Amino acid sequence: MHMQTYAERHMTNHAEDFSLSEELDETASWDETDDAVSEADDFESGYAEDDYVSPDGDDPEASTGALDLAERHQLRRVAGLRTELEDITEVEYRQLRLEKVVLVGVWTEGTVQDAENSLAELALLAETAGAEVLEGIYQRRQNPDPATYVGRGKVDAIREIVQATGADTVICDGELAPSQLRNLEDRVKVKVVDRTALILDIFAQHAKSKEGKAQVELAQLNYMKQRLRGWGGNLSRQVGGRVAGGAGIGGRGPGETKIETDRRRINDRIAKLRRDLKALRGTRQTMRQERRRNQVPSVAIAGYTNAGKSSLLNRLTGAGVLVEDALFATLDPTTRRTQTKDGRVYTMSDTVGFVRHLPHQLVEAFRSTLEEVADADLIVHVVDGSHPDPEGQLSAVREVLADIGAGDVPELVVVNKTDLADPLVVQRLLRSEPHSVAVSARTGAGIAEAVTAIEGDLPRPAYTFDALVPYARGDLVDRIHRDGEIDDLEHTADGTRIKGRATEALAGELSAYAV
Ligand SMILES: Nc1nc2c(ncn2[C@@H]2O[C@H](COP(=O)(O)OP(=O)(O)OP(=O)(O)O)[C@@H](O)[C@H]2O)c(=O)[nH]1
Ligand SMILES: [Mg+2]
């Protein structure tokens, strides 16, 4: 898509229009307090039918393959409106149908450059979700307004921009309280969504596997549950008027009873998704245990979205994973078996990209996927050296890593896109990150060094041995090549004399031939 060019193409900086001196704003708030959802999740009730995910479904490790872009874009248009509950989720999330949007940010700290980067990222997210960005504006304020996010005086200015540009949606650069969304909608007269909803929408569009879809839906429902009442009134107006053409879904007036029903159904659905995910997790754990039993080392490629993680996996293993200039192209982890130069087998996995302020609902829902990162023997942390703020991306990723318990896993920083990046920036990153290499996944520059660094970081087999393996046991020699490390090998009259390191199981078998 439009990575580097967005800002030049579209962005209108209205920071000056919005006076830089903080308006001493009205402090009164006209809205009720945010709804707290008191109902506990009901794990026992729920639907008996098992129509969504089944534990024996997709192999979670199977490659999702190179997914055709056209096919994916089609997915977004297919609305499977099967039940009333799905009506809500589909309409609110999968089918946000953001067409023409105005972006609004509140800039509370950092430099002008930070504020612009943040809005440029929001624009990329919006474009990834399928929207056309008409205008991006931000306001300098000490804090977002508790009632309307931007200062109330500025809400009128936004309404004017919306009217002048013909936008149908306003996207705010943060996570807003339900009341803020409602108040803004009331005053700007079009749909208002926040960054969290936008990211959830992209995930919903991109999820392919059963597990991925279930994880995203769980995150969406948790997000929506807190906003039922907040959005109830506006929902019928928005959906009825704009999306559904006044009929069908939008025809329902979501009264208080309706909201209670919806809430109960959401809780039921959440309970079911959790059960399904637990079953899927079982399959995944079995595989992981299998790997661990055989002591196959694992490498997880992690990093900011669009850093080039999938490109690197392809370059290193020929995996053929989807690569796209879009945010969150990869949602379903792909694992590949590969070998060191001396023949040791290890696995390498691609993972979902991270982003600043990754919605906590997503971190929660994707926890089982992310746990694989925490479980890895090495994290290859890919960072886009050509991005305006690579250091910011490194620390945003490390925050998520710490959050999922991967803070202590050894890390190799791979500065990617050196073909595009400013060499001075690359040098700066290599200096500030002591354990790092620079590569271009596109041209292949630096890949050999990266491989050497990765192989050097793999855990070594724990047991040393010195054995004389008879020629009849060629199978053992093969296994030493695959699972062990060879320091010295010599063909003698009586067999192959090998010194090296092996896993516990292999060392046990070799003890019969110990010298
Ligand atoms: N110029 C250049 N572009 C690259 C390089 N590596 C990746 N890209 C491009 O960057 C974009 C993102 O690459 P991906 O490999 O999909 O990135 P990712 O980190 O897997 O992204 P997500 O899965 O969306 O989080 C694609 O357009 C790639 O072609 C590189 O070394 N140089
Ligand atoms: Mg990817």
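Reply: Two strands pair if DSSP finds at least two bridges between them. Strands (E, at least two residues) and helices (H or I, at least four) are DSSP runs, numbered from the N terminus. Residues are numbered from 1 along each chain as written, while chains are lettered from A and ligands numbered from 1 in written order. This is a predicted model, in which local features need pLDDT of at least 70 and side-chain atom pairs count only at pLDDT 80 or more, while totals for chains, interfaces and linings use all residues.

Strand S1 covers residues 100–107 and strand S3 covers residues 169–172. The two pair in the parallel sense, over four bridges. S1 and S3 belong to an open sheet of four strands, and its order is S2-S1-S3-S4, with parallel pairing. At the edges of that sheet are strand S2 (132–140) and strand S4 (191–194), each of which pairs on one side only. Ignoring direction, neighbouring strands in the sheet are turned by 25 degrees against each other on average.

Angles run from 0 to 180 degrees between N-to-C directions, and axes are lines fitted to C-alpha atoms (for helices, over the stretch in contact). Residues are in contact if their C-beta atoms, placed from the backbone, lie within 7 Å. Helix H7 lies across S3 and S4, and runs at about 80 degrees to S4.

H7 also has a helix partner. Two packed helices are described by the angle between their axes and the distance between the axes. H7 (residues 195–206) packs with helix H8 (residues 210–225) at an angle of about 155 degrees, and their axes are 9 Å apart. H7 and H8 are therefore roughly antiparallel (over 145 degrees; under 35 is roughly parallel, 65 to 115 roughly perpendicular, the rest oblique). The crossing of H7 past H8 is left-handed (the near helix is turned anticlockwise from the far one by less than a right angle; clockwise gives right-handed). On the H7 side, the contact is made by Thr196, Ala197, Leu200, Phe203 and Ala204. H8 brings Val216, Ala219, Gln220 and Tyr223 to this contact. Sorted by class, the contact of H7 with H8 has seven nonpolar residues, two polar ones and no charged ones (Ala, Val, Leu, Ile, Met, Phe, Trp, Tyr, Cys and Pro are nonpolar; Asp, Glu, Lys and Arg are charged; the others, Gly among them, are polar).

Helix H5 (residues 152–165) and helix H6 (residues 178–188) have axes that come within 9 Å and cross at roughly 55 degrees. That angle makes H5 oblique to H6. H5 passes H6 in a right-handed crossing. Here Val155, Ile158, Arg159 and Val162 of H5 meet Leu184, Arg187 and Val188 of H6. These residues divide into five nonpolar, no polar and two charged.

Now the rest of the chain, beginning with a hairpin. Strand S6 (residues 335–339) and strand S7 (residues 345–350) run antiparallel and are joined by five bridges. Gln339 has Val345 in S7 as its bridge partner. Five residues lie between S6 and S7, and in the turn Gly343 has a positive phi of about 95 degrees.

Another open sheet has three strands in the order S11-S13-S12, and its pairing is antiparallel. S11 and S12 stand at the edges with a single partner strand each, so one side of each is left without a neighbour in the sheet. Its neighbouring strands are turned by 10 degrees against each other on average, direction ignored. Helix H17 (residues 474–483) packs on this sheet and touches S11, S12 and S13, its direction making about 35 degrees with that of S13. Strand S11 (residues 463–469) pairs with strand S13 (residues 496–502) over seven bridges, with Tyr463 opposite Ala502. Strand S12 (residues 485–491) is joined to S13 by six bridges, and Ile486 stands opposite Gly500. The hairpin of S12 and S13 has four residues between the strands, and Gly495 takes a positive phi near 150 degrees.

Last comes confidence. The chain averages a pLDDT (the predictor's confidence in each residue, from 0 to 100) of 76, and 73% of the residues score at least 70. Over residues 1–96 the pLDDT is below 50, although this stretch has 140 contacts in the model beyond near neighbours in sequence. Residues 230–253 also have a pLDDT below 50, with 35 contacts counted beyond near neighbours in sequence. Where pLDDT is low, the predicted coordinates should not be read in detail.

Note on methods:
Two residues are in contact if their C-beta atoms, placed from the backbone, lie within 7 Å.
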